[in-house]
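Trainee: Could you walk me through this model before I start writing it up?
Mentor: Gladly; let us bring it up and talk it through.

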Amino acid sequence: MWMREFGRRLSVLFRRGRFERDLEEEMQFHFEMQAEENQANGMAAKEARYAARRQFGNAAALKEAGWEMWGWASAERFFQDLRYAVRMLRGNPGFTAVAVLTLALGIGVNVSIFSFIDRLLLRPLPFRESEDLVSICHQPDNSSEIYESMSYPDYAYYRDHNSALSELAAYCRVDADMEFGDQAEKLAGEIVTDNYFPLLGLRPALGRWFAPEEDRVPDQRAVAVLSYGLWQRRFGGDTQIMGRDITINRRPFTVVGVAPRGFSGLRLDRTSRPEFWVPTMMYPTLATFAAGGPDLLTNYGNSWLETVGRLKPGASLARANTAFARMSSWLKAGPWKDLWRTADSWWKDNPLHWTATLIPANEMQLLPSYRKTVATSLALLGTAVGLVLMVACFNVINLLLARSTVRQREMAVRLAIGAGRARLIRQLATEGLVLSMLGGAIGLLVAVLSSEIIASLPLPFRFPLLLETGLDFRVLVFAFLVSVVAGVVFALAPARAVLSVNLTSALKVDPGSGVRLRRLNLRNALMISQAALSVVLLVGAGLFLRTLANARATDITAEPGKVLMTSLNIAARKYSEPRGQAFYRQLLARIEALPGVRRAALVMVVPMGGRRGGNDVTIITAGNPSGKRTVQVDWNVISLSYFETVGIRLVRGRAFTDYDRGGAPAVAIVNEEWARHFWPGEDPLGMRFEVDKRRTVQVVGVVRDGKFRNYRAAIRPCYYEPLAQSYSGMMNLEVRTANEPLPLAPAVRREVAALDKEIRISEMATLESYRDSGLGQERMIAGLLSALGALALALAAIGIYGVISFLVAQRRREIGIRIALGARRGEVLRMVLRQGLALMMIGLACGLAAAAATGHFITSLLYGVRPADPWTFVTIILVLTATALVACYIPARRATEVDPMEALRNE
Amino acid sequence: MSSRAEIPPGTLYMLILKTLARGPLHGYAIARQIKLMSDDVLRVEEGSLYPALQRLLAKGWVTAEWVPAGPKRRARVYRLTPAGRKQLATEVSDFTRVMQAIVRVIEPA
């Protein structure tokens with residue numbers, strides 16, 4: 001019904017000319033009939049026509065009213081408003097550019113942060129009924145930690161004995177070398193059970209999924225599914241790919257299918273998307289992380305699979321949870337018990353304290369602990385960008401208000417000739433929307449750029465994360481909504497001021513004297529808010545900059561920017577220990593002989609990189625042989641000149657020497673904390689402890705305390721053993737150089753190759769950048785908050801500049817009189833400055849109060865600094881005052897240049 | 001000539017539809033017809049008649065066509081559609097109900 005009506009309306013819309021002609025002819029006919037009737041009633045011809053014309057009234061208004069009936073009038077008015085708004089904005093290019101750019105920045109950063117919030121936290125998995133997908137995890141009874149992986153027999157047990165899931169699949173992330181002709185590429189992939197894809201409800205883009213018999217016998221059926229991206233990139237989307245062989249880890253695999261476009265697995269806590277999938281039974285070729293061999297299928301102690309299952313229709317998560325908890329009790333009473341019984345009972349990670357728990361797969365896109373970190377950081381950044389958008393909107397309102405002074409006359413004229421106030425408000429709202437839509441459109445560019453920047457930062461969230469940027473439908477909708485809200489808000493704020501026009505006074509020469517006061521109050525309020533919001537952002541930036549500095553300060557190495565480092569894996573070469581030791585000695589000698597190299601050393605675990613070495617030792621207390629205790633301590637293995645190379649000071653005793661080699665008495669160097677903790681008040685030199693309950697080592701030196709895993713880790717007792725006495729095939733090479741270290745990288749690479757060209761060393765970096773990569777999140781937050789704070793401050797400065805300029809213009813006559821009456825220019829300058837600064841100081845006070853009141857929300861993200869940090873506050877006060885002075889000085893200067901004669905004549 | 005009255009709001013459509021129920025008419029004739037039928041009490045202004053006719057066209061209750069009316073002249077004649085007839089019935093019954101109710105209220109007890 002309404003469709004037909006809409007059709008009629010539409011046909012009239014497109015035949016507007018015909019509509020008008022019909023109506024005109026119809027009215028002409030009516031008029032003639034009326035005239036004829038008048039004549040028939042005895043009027044003279046001319047009089048009859050005149051009377052008919054008079055009776056007919058306003059033909060144009062009638063046409064208008066007739067048109068109104070077709071319902072297009074409001075749409076037309078909108079387009080009229082739109083044309084008018086565009087004309088207005090084009091007529092004021094300066095205003096338009098500033099307003100649009102301000103909005104683009106404000107909207108852009110919000111869209112960018114939203115896109116991360118959406119992708120990482122809000123968006124469900126793009127599979128059929130993804131809310132029914134669950135992951136089986138284990139949780140220790142006494143902590144909130146979540147362990148997401150399990151052994152193959154665990155998986156098989158859960159799969160075969162549960163009644164809550166219609167299907168249970170498992171997957172494991174692997175890295176593999178793939179060969180394409182003569183090119184090799186390291187790619188991420190997944191080992192999956194044959195029911196993995198069907199369970200997710202996916203159809204292959206090409207070919208088929210794995211058949212059950214392909215996932216039954218170990219190492220038999222070498223078949224693979226490719227990702228859509230890999231298929232396009234490496235095989236040009238060739239549809240003949242099915243049945244062809246590809247080489248994974250030097251073994252041929254037959255391609256049986258291509259996954260649908262965009263499918264990237266279930267997890268976001270990875271650095272890259274999986275590019276291929278193989279059945280679990282191909283683990284001997286792919287699970288190189290565990291040299292377990294067939295053991296991997298039966299060993300309950302080797303956790304390598306993550307799971308995803310689908311709840312049966314109508315099954316409740318709570319009930320399924322209970323069932324799985326019961327099943328894990330069976331595991332604990334049976335196979336796990338045999339395996340873990342001997343493990344120390346205090347070990348909190350002991351699986352005998354674990355209980356199975358189901359976590360919705362949508363939540364398990366990130367490990368729960370990651371999820372919390374991401375949520376906290378993004379909430380912080382989301383708040384920050386929200387504040388920036390507010391500052392931006394306030395700025396645009398300010399600009400609009402300034403323009404409203406000019407426009408009051410125009411509005412008054414339009415009101416006087418009969419435009420309704422509603423129509424004028426609509427006009428203003430349209431202008432606002434046009435501005436904000438333009439801002440939003442350009443904001444999308446800003447969003448893409450800033451997302452790219454965030455995603456390109458090293459480890460912005462402390463752990464690997466699949467950060468993909470780009471705009472999609474949800475993000476576009478968000479951008480649109482933000483733009484609309486912003487547009488309406490700042491369009492309607494000035495509407496009140498504009499429309500409270502007093503017609504008579506507005507049409508006089510001096511416009512708007514009646515509303516000046518209120519508008520000024522609004523502008524002052526806006527300016528104070530802008531200052532306050534910027535202060536909050538700047539305080540946040542300051543606190544995180546201090547956190548970053550404090551975190552860096554925990555690094556005890558000297559000038560880490562002049563140390564080149566790389567990891568060196570000779571384990572793959574399967575050298576004998578003497579051969580390996582010889583290799584290390586020769587390598588260090590060759591590198592130290594290079595020009596520009598000061599020192600070179602090897603270390604097993606490079607501190608501050610998120611990892612630590614640990615070992616069990618038994619402390620021997622002199623004079624109390626019964627007081628033996630076994631504890632876990634930090635442990636590292638180093639070559640002779642390690643401490644010298646990285647610049648860690650030896651506090652007592654000696655460093656390792658050439659005499660400390662295999663066969664010589666075992667020695668160790670400990671840190672100060674070790675000495676304090678185990679032998680308080682005693683001389684640690686010469687003391688002994690047992691390692692692995694086998695070797696006894698003697699302490700020969702003490703070094704400074706340093707953090708091991710990362711800057712937040714507590715300082716724990718730590719000991720160092722000489723590489724010559726504790727061989728390892730996986731070491732890190734560190735080279736201290738006289739100057740810029742990176743240019744020496746090729747030379748170092750050459751020396752390694754000269755000894756054994758089969759040994760690959762990883763990308764080289766400075767020790768400083770290695771340490772900083774562990775501070776990715778701190779750097780991201782500090783960097784973004786600084787940028788946002790600076791942006792807000794700049795906007796606030798523009799705001800205060802505008803307000804003070806406006807004030808000076810308004811008070812021109814008064815200032816002229818003051819000068820005429822003998823006020824000195826300096827006094828005038830101070831007067832204007834005082835006014836501007838007073839406003840800014842109110843904003844500053846409000847901002848500091850707000851920052852102090854809300855600071856506790858971010859305490860957990862800070863390090864070594866309290867939310868109410870006096871240094872930060874003082875710095876911000878200085879920065880803001882300086883900004884305010886500069887922003888006020890220019891208009892204040894202009895005030896002193898007022899020519900009293902001219903100012904008074906103008907009125 | 002008896003005194004004229006404003007057409008009660010909302011009843012103009014009903015009056016036009018009722019007038020057309022007896023056969024197709026052009027605008028001028030509709031106005032005349034309402035005047036005659038109401039003994040000169042109700043007068044439809046052109047300014048409301050023609051917009052109202054446009055409304056009825058948009059709603060699909062009437063159709064319009066041009067017919068020759070003398071030499072070199074055409075009249076636009078409106079014709080009730082089945083939908084218009086249904087609408088008229090609804091409006092008449094609604095109006096009658098309200099009218100009777102009003103009469104009951106204002107009649108002396």
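Mentor: B:Asp39 is exposed, with 9 other C-beta atoms within 10 Å; a residue counts as buried if 20 or more other C-beta atoms lie within 10 Å of its own, exposed if 12 or fewer, and partly exposed in between, with C-beta atoms placed from the backbone. Before we go on, bear in mind that this is a predicted model, in which local features need pLDDT of at least 70 and side-chain atom pairs count only at pLDDT 80 or more, while totals for chains, interfaces and linings use all residues. Residues are numbered from 1 along each chain as its sequence is written, and chains are lettered from A and ligands numbered from 1 in the order in which they are written.

Trainee: Okay, and where is B:Asp39 found?
Mentor: B:Asp39 sits in the loop between H2 and H3 of chain B, where helices (H or I, at least four residues) and strands (E, at least two) are DSSP runs numbered from the N terminus. B:Asp39 has a positive phi of about 55 degrees, although it is not a glycine. Most residues other than glycine have a negative phi.

Trainee: What about A:Asp219, where is its place and what is its phi?
Mentor: A:Asp219 belongs to the loop between strand E5 (206-207) and strand E6 (223-226) of chain A, and its phi is near 60 degrees, again a positive value in a residue other than glycine. With 13 other C-beta atoms within 10 Å, A:Asp219 is partly exposed.

Trainee: Back to chain B, then: how many helices and strands are there?
Mentor: Chain B has four helices and three strands, which follow the pattern α-β-α-α-β-β-α along the sequence. The three strands form an open sheet in the order E1-E3-E2, with antiparallel pairing, and two strands pair if DSSP finds at least two bridges between them. The edge strands, each pairing on one side only, are strand E1 (25-26) and strand E2 (62-68) of chain B.

Trainee: How many bridges join E2(B) to E3(B)?
Mentor: Seven bridges join these antiparallel strands, and B:Thr63 has B:Arg79 in E3(B) as its bridge partner.

Trainee: And what is B:Met14 in contact with?
Mentor: B:Met14, which is found in helix H1 (residues 12-21) of chain B, is in contact with B:Leu88, B:Glu91, B:Val92 and B:Phe95, leaving aside its neighbours within four places in sequence; two residues are in contact if their C-beta atoms, placed from the backbone, lie within 7 Å. B:Met14 counts as partly exposed, with 18 C-beta neighbours inside 10 Å. As for B:Arg97, its C-alpha is 14 Å from that of B:Met14, and the two are 83 residues apart in sequence.

Trainee: Which parts of chain B touch chain A?
Mentor: In total, 15 residues of chain B are in contact with 21 residues of chain A. The elements that give two or more residues to that side of chain B are helix H2 (27-37), helix H3 (46-59) and strand E3 (74-80) of chain B, and H3(B) gives the most, with eight residues. By class, that side of chain B has five nonpolar, four polar and six charged residues, where Ala, Val, Leu, Ile, Met, Phe, Trp, Tyr, Cys and Pro count as nonpolar, Asp, Glu, Lys and Arg as charged, and the others, Gly among them, as polar.

Trainee: Switching to chain A, why do you say the span of H14(A) agrees with expectation?
Mentor: At 1.5 Å a residue, the 36 residues of helix H14 (residues 421-456) of chain A should span 52 Å, and its end C-alpha atoms are 51 Å apart, which agrees; the expected span is 1.5 Å times one less than the number of residues.

Trainee: Last one: which residues pair with A:Phe689?
Mentor: A:Phe689 in E18(A) is the bridge partner of A:Ile619, and A:Phe689 also stands opposite A:Val697 in E19(A). Three bridges join strand E14 (residues 614-619) to strand E18 (residues 688-691) of chain A in the antiparallel sense, while E18(A) and strand E19 (residues 695-703) of chain A pair, also antiparallel, over four bridges. The hairpin of E18(A) and E19(A) has three residues between the strands, and there A:Asp692 takes a positive phi near 55 degrees.
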